[in-house]
Structure formats: C-alpha cells, structure tokens
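I opened this entry to keep track of what I looked up, in the order in which I looked it up.

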Amino acid sequence: MENIAIIGIGMIPIKANYKTHNFADMAWETVNAALADAGISIKDVDNVITTSNDFWDGRTISCMAVGDASGVREKNCSCVEGDGTFGAFYGMARILSGSYGTTLVTGHTKGSESISSLITNAAFDPIYERALGPDMISGCAMQARAYMEKHGLTSRQTALVSVKNHGNAKHNPYAQLPMDISVDDVLASEMIADPLRKLDCSPVSDGCCAIILANEEKAKKLCKKPVWVKGAAFTSDAYFLGDRDLADPRSLVAAAKKAYAMAGITDPTKQIDIAEVYDAFSYQELMWLEGLGICEPGQAASLLEKGDFAVNGKLPVNASGGLLSGHPVIAAGLYRIAECVRQLRGEAGAVQKDGAKTAVAQGLNGVAGQSHCVWVLGADK
Amino acid sequence: MARGDHLVISSGDAVQPFNYAVGLHGSKFFHELKENRRIVGIKCPACGKVYTPPRRVCGDCFVENKEWLEVGPQGVIDTFTIVRYAFIDPETGKQKPVPYGYGFIRFDGADTRFQHFVELNEARPIKIGARVEPVFAEERKGTIRDILYFRILD
Ligand SMILES: [Zn+2]
C-alpha cells in the first residue's frame, strides 16, 4: 500500500450536553482545530468525509447539515454512517484511488438530544426483536455475562478497567468523567442490567473529532510530524446477535490479523507500544484486547491486575481515559485515532508512553461489536 | 437574548410510523407460531446450520436456506441479563416495570439463539444452561409477543 499519513487532528472536549452548540457549531470548532494542528488551510483539503448517524442526529442525510462548517463547498463530500474509524477508512481509500492528495474526516454525535435506549433499540430487527425492548445496554449485558462465564471472570476484575480509565481521564482535558474511584465504588454503583453496574457503563456524551489524511507527497510537503498508517482493516460479523458467539469477537480477530499483516506485526504484545480500544463497557476493554491478539482469550483481566495496561505499564491501554470517561458514539473511534496520534507525536503529557513508536486504535459498529475497524499507526514510515 | 441563554427546540410528539414487510420466511414463522404454537427453523444446505428465526440466506456460506424443520419448543438459556433500569417500552412509549429477565434461548435442534423475556422465579433462578420453554399468549396475533416469556424448567 502507498504510504498514507495523518497530518492533523482536532477534538473538542467531550461533554454530557453541548447545549451551547448545534452540530455545525461542533464541526466548525473541530475542523478548524484539525486545520490549525496540520498548519494548513481548507484550500489544502481535497475532499471531505463526514460521519454521523441519522437517528442520533434526528434528521435524514444528517451529514449534510455539517457540510458548510466542514468546508465542503465545491469539493467531493461523502458520508459514512457508522463509527468514525470506518469514515477514516473510506477517506484513506479515496486517497489510495489516486484522485485526492488529502482527505478531511469528521465524526460527530450528540447523545444528549434524544433517548439513547430508544435509538439503540432501533438498531435491532423490527420483526423479531425490537418490540421486546433490547438496547445497547441489555445486549452488551448479555455479552458481558457470556464472556465472563466463559472465562470465569468476576465483576471485581472487570471493575478494574473502570477504575483505571476514569483515573487516566484526570490527565485528559477533553474527558467528560475524570474520577478517582475504587473497585468497591464500581461494585457499589447501581445495577443497570446484570452484570453491568452504572460505573461499568460509558456515559451518554456529545462530541466531535476530525483527522486529516494525506498521501506521502502531501504529507512531506505540508506536515512536520506526520503519523503513518501502517495497517488498517475492517470486517463484519452476523447482524443477529443470536447468530454470534457473543464471547468470541471473531470479526475483531479477523480485522486485527489483516491490519497486522499490512503493518508487519507478528507479535502484537511486543511490537505495539500503546492501544486505544473501544471500552463502551468495562468488560469490553478486556475482550477487545484479547480479540486484538494482545493477549490470549481470557487472560486480559489478570494482566490488567498485574498493571500491564496502566499508564506506566508494559502496554498502556486507553491512557486517554477511554470511552468510559466520555463516549460520543460515531466520533468515538476518531477520538481513539487522535489519542494515538498524540502519543506517537510525544504530545500526551502526563500519560505519555516514553518512546511510543507503534499504536493500535480500534473502532466498532453495531450492538456488541458486529463490525470492527483496526488501525495500526506508526511514528516512523 | 441574554448572554449564555441557549435555546433548545423540542420535536414534540412527532412520530414516523413504518410498515415493515416480514418476508416469506418470517411470515411462515409467525403463521406457525400463531396457528399451531410451533417454532420453526430453516437449515443451510451447505453447512447444516439451523437458523431460528428463519431467514433466506446463510451468512456464513452465502447460500439460500431451503429445508424447513420444527425446533424446540424447549431450549436452554445461552446467556441472559436482568434488566433493572427504567426502560421506555418502544411499543407503548411507557416505562416498563423492572426488574425483568431477558436472554438468548437456543431451541432444541437450532444452532442460533433467539432473544426473549425470561421469567424471574426465586425457586428456579435464571442461569446459563437452564432449560426453558415458551409460554404462549392465549390470543395470538402473529407477532413476537405471541410468546409471552420463557419459563424456567429446572
Ligand atoms: Zn451455511
């Protein structure tokens, strides 16, 4: 694959409710932050991909409402409905087509404006499932139960993910929920849907994130510190949750294998310095780390207890605080990529992993991780 | 407008009604459920997987499923949750009483799992591997609610 770089990132703080901003306001601030970060103007952007979800936005063709604020006039703008990592993948493919030198990719969401359980309920099949009321939380609670039972994990073990990530968020000015909490606090929080308690669940959030991708020629010309895409892949599993073994994230395993093959990664545990994964729920961080091949199935909890995934551990995971500390759906995966870029540029401040050279970012789409998108990023080409 | 006074406009009670076509396979499934209290599945000719609910395509094989068969009505709980948060029922727009059991049931003879309500019963606690059977509604309309819930047998 031709070399592709990330030459700019823009984020706005993740909040419970951006009452002060409409979607275009959020996009305007984020896009300008990304342009400033790259040190370029909108004239240097050849095409635009926006990422959103019509249900959450409460309008159809929701991407178009942020077009003006994303600088799309007289440019080819296309929309992806799904996580931002999928939008970024499309943005990269457009550069690889040879038609464009740069792509601006944005993702936005506002969980605050609607009733999230009704939105995620609408992701279920209207004929067999929706009327029974399943939603993201109950669907993932059943996944948590299946995963924990399969590997004999306790709620005390999964709670440690929440403790770590809320603690990491104290160093992230963009995080919504920086907190000093203990495992006992997690276990004392309200039971939402067994085995998930309130502090096992990510919050409802608003946010917007943008990245700018470029081919090698443009990256060298425009950017002093490009971060390189070493590998990227996504794969899908069955739509019906009942068709999947919920404890076995096989589409993530497949996506990771493809991305690692592109990046020349044969031993992810040793070759990856930092990971930002989709921790919508505490147990998910563990399950996804296993799916990413960072450890064997069922082993992530004990490595977490050993401290391997802490900021000062062998392989810091969600040093940014992750989604447990703020979960703007759709934008979420782009935030993961942007946080990896900060690490690889050595700009992650108090949570910086010394000498981080290779990072993995994960995004997902669909209830309980139907599709996964894996990015391997490098400080060096 | 005062500084810092940010307005919010509500959509009100606007709704967007749909009429979803159930398709050939679902129509047969609901007909059997309504008329005969029978659960049917369909088998992939390539890999042999039995799907309930039935559908046209085996996603693993990209092959059309052809062979209908009866499954269940008993099965086992594959995974479950006990929902305890106040949930707005998408059918009624009202809050659903909590707690209630919800789970994936693997019907005897089926390879996929079927989601539905599971009873909460102190004498027979909900657990993975528990045997269950459907409790049918007396008046059935050809919808998923023709099964009221699954009863735990052991
Ligand atoms: Zn098959």
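**Entry 1: the interface**

I started with the contacts between the two chains, in what is a predicted model. I found 36 residues of chain A in contact with 40 residues of chain B. I then looked up the buried area, which is about 3200 Å² between chain A and chain B. Carbon and sulfur atoms carry 63% of that area.

Next I looked up the polar side of the interface. The model has 16 residue pairs in polar contact between chain A and chain B, counting pairs with both residues at pLDDT 80 or more. I sorted the side of chain A that touches chain B by element: helix 4 (116–121), helix 5 (136–151) and strand 5 (191–193) each supply at least two residues. Helix 5 of chain A gives the most to this side, with 7 residues. By class, I recorded 19 nonpolar, 6 polar and 11 charged residues on the side of chain A that touches chain B.

I also looked up the salt bridges, and the count between chain A and chain B is 3. One of them joins A:R250 and B:D60, with the closest N and O atoms 3.2 Å apart.

**Entry 2: A:Q143 in helix 5**

I stayed with helix 5 of chain A and picked A:Q143, which is placed in that helix. Is A:Q143 buried or exposed? A:Q143 counts as buried, because its relative accessibility is 2%, under the 20% cut-off.

I listed what A:Q143 touches, leaving out residues up to four places away in sequence: A:L246, A:Y283, A:Q284, A:M287, A:W288 and A:A368. Two backbone oxygens came up when I checked polar atoms of the A:Q143 side chain. The backbone oxygen of A:L246 lies 3.0 Å from one such atom, and the backbone oxygen of A:A368 lies 3.1 Å from one.

I also took a distance along the fold. A:Q143 and A:R342 are 199 residues apart along the chain, and their C-alpha atoms are separated by 32 Å.

**Entry 3: A:T102 in strand 4**

I looked up A:T102, which lies in strand 4 (residues 102–110) of chain A. A:T102 counts as buried because its relative accessibility is 0%.

Which backbone oxygen does the side chain of A:T102 reach? I found the backbone oxygen of A:D44, at 2.7 Å. A:D44 is also among the contacts of A:T102 once neighbours within four places in sequence are left aside.

**Entry 4: backbone exceptions**

I noted a cis peptide bond from A:D194 to A:P195, with omega near 0°. A:P195 is in the loop between strand 5 and strand 6 (196–197) of chain A. In chain B, a cis peptide bond joins B:V98 and B:P99, with omega about 0°. B:P99 lies in the loop between strand 8 (95–96) and strand 9 (100–107) of chain B.

A:E74 has phi near 60° and is found in the loop between helix 2 (54–57) and strand 3 (76–81) of chain A. A:E74 counts as exposed because its relative accessible area is 88%, over the 50% cut-off. A:I330 has a positive phi of about 80°. A:I330 is found in the loop between helix 12 (300–306) and helix 13 (332–344) of chain A. At 3% relative accessibility, A:I330 counts as buried.

**Entry 5: chain A as a whole**

I counted 13 helices and 11 strands in chain A. The radius of gyration of chain A is 19 Å, close to the 21 Å that the globule rule gives for 381 residues, so chain A is as compact as a globular protein of that length. The C-alpha atoms of chain A fill a box of roughly 55 × 45 × 35 Å along the principal axes.

Of the 381 residues of chain A, 65% count as buried. For contacts in chain A with a separation of 6 or more, I noted that residues 24 or more positions apart account for 77%.

Technical notes
Residues numbered from 1 in each chain as written. Chains lettered and ligands numbered in written order. Predicted model: local features only at pLDDT ≥ 70, side-chain atom pairs only at ≥ 80, totals over all residues. Heavy atoms only, no water. Helix = DSSP H or I, 4+ residues; strand = E, 2+ residues; numbered from the N terminus. Buried < 20%, exposed > 50% of the residue type's maximum accessible area, 1.4 Å probe, protein only. Polar contact = N/O pair within 3.5 Å; in protein donor to acceptor, adjacent residues only side chain to side chain. Contact = heavy atoms within 4.5 Å. Buried area = accessible area lost by both parts, 1.4 Å probe. Salt bridge = Lys/Arg side-chain N within 4 Å of Asp/Glu carboxyl O. Nonpolar A, V, L, I, M, F, W, Y, C, P; charged D, E, K, R; others polar. Rg over C-alpha atoms; globule rule 2.2 N^0.38 Å.
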